[in-house]
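Here is a short note for a colleague who is opening this structure for the first time. Please read the points with the model in view.

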Amino acid sequence: MLQKPFEALTFADDFMFCKVMEHEAICKEFLEMLFSAKIEHITYLSSQNTVTCNSGAKSVRLDILLKDSAGTSYDIEMQVGNEYNIPKRMRYYQSILDIAFLDQGYSYKSLNDSFIIFICLFDPIGKNRAVYSFQNICKEDTTIPLQDGTKKIILNASAFKAADDQDLQGFLQYVKTGKVTTDYTRRIEKVIQTIKISEQARKEYRVLPAIIMDAFDEGEAKGLERGKYQKALETAKKLLHFGLSRENIAQATGLTITEIEAL
């Protein structure tokens with residue numbers, strides 16, 4: 001499969017989406033726009049996180065993972081093609097986050113509130129809504145929430161005209177069409193143009209897809225066991241030769257910073 005030219009990347013492309021959302025101000029404003037609420041500050045922000053619960057479980061690679069000062073965590077995903085699995089994927093992403101982040105010995109009460117957010121270029125639900133929000137409630141009395149601290153949100157960019165909020169409408173229109181109509185999308189576009197003149201970003205785009213395929217196959221990944229671990233080490237050596245940062249190499253291979261520094 002041919003890789004899309006670097007110059008042709010848009011915000012909807014996975015690589016560019018992650019690069020843009022790595023900017024704390026852009027990511028924070030997105031959440032404030034979506035929830036119509038002020039976020040004090042972001043305490044953790046990372047992109048392209050590979051999460052594995054155990055050697056036999058299916059691994060996932062999360063686009064954007066962050067946590068705010070209130071302790072709430074967010075997983076933000078960009079989805080271009082419809083694989084007809086969004087609801088089940090959201091279920092699995094939620095479960096793997098909970099298992100990965102609840103350390104042994106801690107109470108279930110320690111689980112933080114979390115949001116799984118999918119930005120889609122299509123309508124996975126089929127009701128022509130711009131926003132679909134889901135949380136667990138009592139079927140017999142819908143005024144009673146389960147209060148498990150989890151919510152799932154699907155943004156349907158194809159129905160951007162149906163969004164009530166003008167800023168959100170402009171954002172979804174930008175995701176779908178690339179048309180800049182708001183101050184926020186204008187700032188996103190400016191960041192994209194800056195990324196496109198970065199030789200480091202161009203190098204990462206050229207190298208990382210092949211590296212990710214080596215170190216992580218979403219359909220068959222079982223962690224970095226046996227031969228995969230050795231392959232990851234060899235891959236890391238190649239990336240060091242290309243001049244990539246240890247942090248980017250760690251994200252691409254699943255190795256720790258310590259393991260990379262030992263090479």
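Predicted model: local features only at pLDDT ≥ 70, side-chain atom pairs only at ≥ 80, totals over all residues.

1. Residues are numbered from 1 along each chain as its sequence is written, and side-chain values use heavy atoms, with hydrogens and water left out.

2. Helix H1 (residues 14-21) and H5 have axes that come within 10 Å and cross at roughly 110°, and the two are therefore roughly perpendicular to each other (a term for angles of 65 to 115 degrees). On the H1 side the contact (heavy atoms within 4.5 Å) involves Met16, Lys19 and Val20, and on the H5 side Ile188, Val191, Ile192, Ile195 and Lys196.

3. Helix H5 (residues 183-196) also packs with helix H4 (residues 166-177), at an angle of about 35° and with the axes 9 Å apart. Here H4 contributes Gly170, Phe171 and Tyr174, whereas H5 contributes Tyr184, Thr185, Ile188, Glu189 and Ile192.

4. Glu24 belongs to helix H2 (residues 24-35) and is partly exposed, with a relative accessible area of 39% (the term lies between buried, under 20%, and exposed, over 50%, with a 1.4 Å probe and protein chains only). Leaving aside neighbours within four places in sequence, Glu24 is in contact with Ile42 and Leu45, and its C-alpha atom is separated by 9.8 Å from that of Ser46, 22 residues apart along the chain.

Technical notes: Axes fitted to C-alpha atoms, helices over the stretch in contact; angles between N-to-C directions. Helix = DSSP H or I, 4+ residues; strand = E, 2+ residues; numbered from the N terminus. Parallel < 35°, antiparallel > 145°, perpendicular 65-115°, else oblique.
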